[in-house]
Amino acid sequence: MLRRKMVQVGPPLVAVLLLLIVWQVIVSVFDIEKWMLPSPSDIVREAINNWESLLGHTWATLKLTLVGFGIGSAIGLLVAMVLHPIPIIRRAVYPLIIISQNVPTIALLPLLMIWFGFGLLPKIIVIALVCFFPITIATMDGLSRTDRMMLNYMRMAGASRMQLFWKLELPHALPSMFSGLKIAAAYSVMSALVAEWIGTDKGIGHYMLLQQAAYRTDRMFVAIVIVVLLGVILFHAIQFIERKLIHWQGQRSTDEE
Amino acid sequence: MNMQNEDKTKFNPNYEGDGQQQAQERLQQQMQQRAADSSSPLALHIDQVDMSFKGAKERVQVLDGISLSVRKGEFVSLLGPSGSGKSTLFHLIGGLLKPEAGDISIHGKSVVGETGHVSYMPQQAALFPWRTIEDNVILGQEIAGRGKRELRAEAREWLRNVGLEGYERAYPHMLSGGMQQRAAFLRALLSPHELMLLDEPFSALDALTRSDMQRWLVELWERHRRSVLFITHSIEEALLLSDAIYVLSARPASVVQRMDVPFARPRREELLSNPQFLRLKQDVQALLR
């Protein structure tokens, strides 16, 4: 078990370490100015010295991300489940959802701020919108791609619409639902960051903007690292729930033994 | 549904412990009750059914005036070339499709276009991968509205009976193909509908497992005597299992002949080398040509 983990994690870990070493060496050999490109050790030192204020900003961004993601996914799942059983409405709305995915949702933020002011609300709305589309589409696809044999079995047995949904379509759609959730999670961290560029006094996005004005490249790198970590943590949290919930998958390879 | 049985299973605190035999008796009682509910001696009667589908250019006739019947407690096979519309016929009986002409009745009642009158076993086991074996097996009754807990206790008795002991809490992917088919058959057997439709249930199995499963099915069926309509491509399988065989023509399918299979029950594998069996096999082969 441990060995398999090592084989999995080992190579990328070594690659990242090598990259960091090369980076460090280049910065010191060519004597690159700190405001142009700080070395990895500079970035780590800055993160350690500054951790208290960073923690506050990180917390603010995390909260914004989670609230937006939560609302967006809840609405996304709900819309998919409501639209799915009504074919006419589904066919009418589905292309609209696909087209509206091409609207750069982030670009709606200035507009939303005119309507809803400078508070948290427009930012939450933007993140929710960004999450909504991938989740709705993935869930609707999953619901409509139910196994034909199982569907025939259920219908011949006289299952009602509700029974079909709860006993077959929903569990069958869980894997694609979760791939939608994972995409949305990545989007939501990014959107929270960008939302904080406009009119906030806290959050990693706001912090980044401040440091840019001061040419503190090292601190901007710290902010980027934190955003990446937030995304990775959120992704893995969802994957963890997915594995708990979809326990019947992943052991398929033992089928023929 | 038999009310007395319902009460017994609900209120008897010793229910969990009662034996295999009682579980079987209960099922038999239920089935007899259902059979007694209708006066018709036929479990299934199909009368002059036509069906066609829209093809690329024109309508393709699939079924052409099919008439057949299954008596109560009779095992009837449908033999025919592949693509002759046998599965379509099942979808019609199951109510997923409506025939263009003709009538379908189950236990004397017309059920054209109505679902919920048959227990069905599809070609692949089609067990639900997120359900344990015991939860898969009870699905038919669960859909009919009975409580999960009481059903599970019953299912456990049955699983023991069909050689799936120890797999009650396993998930389908942990079982071999033959075991999955046993579970799928049990799911159909425990469904609250007397008439069973079996759609080539063994076609995906290897030859050895297949003859194992035939033996298993014959034995189990002879104990319970449900009305069965069985699709197969194998003449031997049809002769071994059935009381009667309908031979169908190529598309558009119509009934070429109904053949009675006269062998006494219980039937065992020795039958396969019986001269009369071989003669019948040749007769059917000739019909299929």
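With which residue of chain A does B:Glu142 form a salt bridge? In this predicted model, local features need pLDDT of at least 70 and side-chain atom pairs count only at pLDDT 80 or more, while totals for chains, interfaces and linings use all residues. Residues are numbered from 1 along each chain as its sequence is written, chains are lettered from A and ligands numbered from 1 in the order in which they are written, and side-chain values use heavy atoms, with hydrogens and water left out.

The partner of B:Glu142 is A:Lys167, the closest N and O atoms being 2.5 Å apart. One salt bridge (a side-chain nitrogen of Lys or Arg within 4 Å of a carboxyl oxygen of Asp or Glu) is counted between chain B and chain A.

In total, 28 residues of chain B are in contact with 21 residues of chain A, contact meaning heavy atoms within 4.5 Å. The area buried between the two chains is about 2,300 Å², of which 67% comes from carbon and sulfur atoms; buried area is the accessible area (1.4 Å probe) that two parts lose on being put together, summed over both. B:Trp130, B:Ile143 and B:His173 supply 35% of the area that chain B buries against chain A, more than any other three residues.

In chain A, A:Glu52 is found in helix α3 (residues 51-83), helices being DSSP runs (H or I, at least four residues) numbered from the N terminus. A:Glu52 counts as exposed because its relative accessibility is 62%, the cut-off for exposed being over 50% relative accessible area (1.4 Å probe, protein chains only). From C-alpha to C-alpha, A:Glu52 and A:Pro85 are 51 Å apart in space and 33 residues apart in sequence.

How values were computed:
Helix = DSSP H or I, 4+ residues; strand = E, 2+ residues; numbered from the N terminus. Buried < 20%, exposed > 50% of the residue type's maximum accessible area, 1.4 Å probe, protein only.
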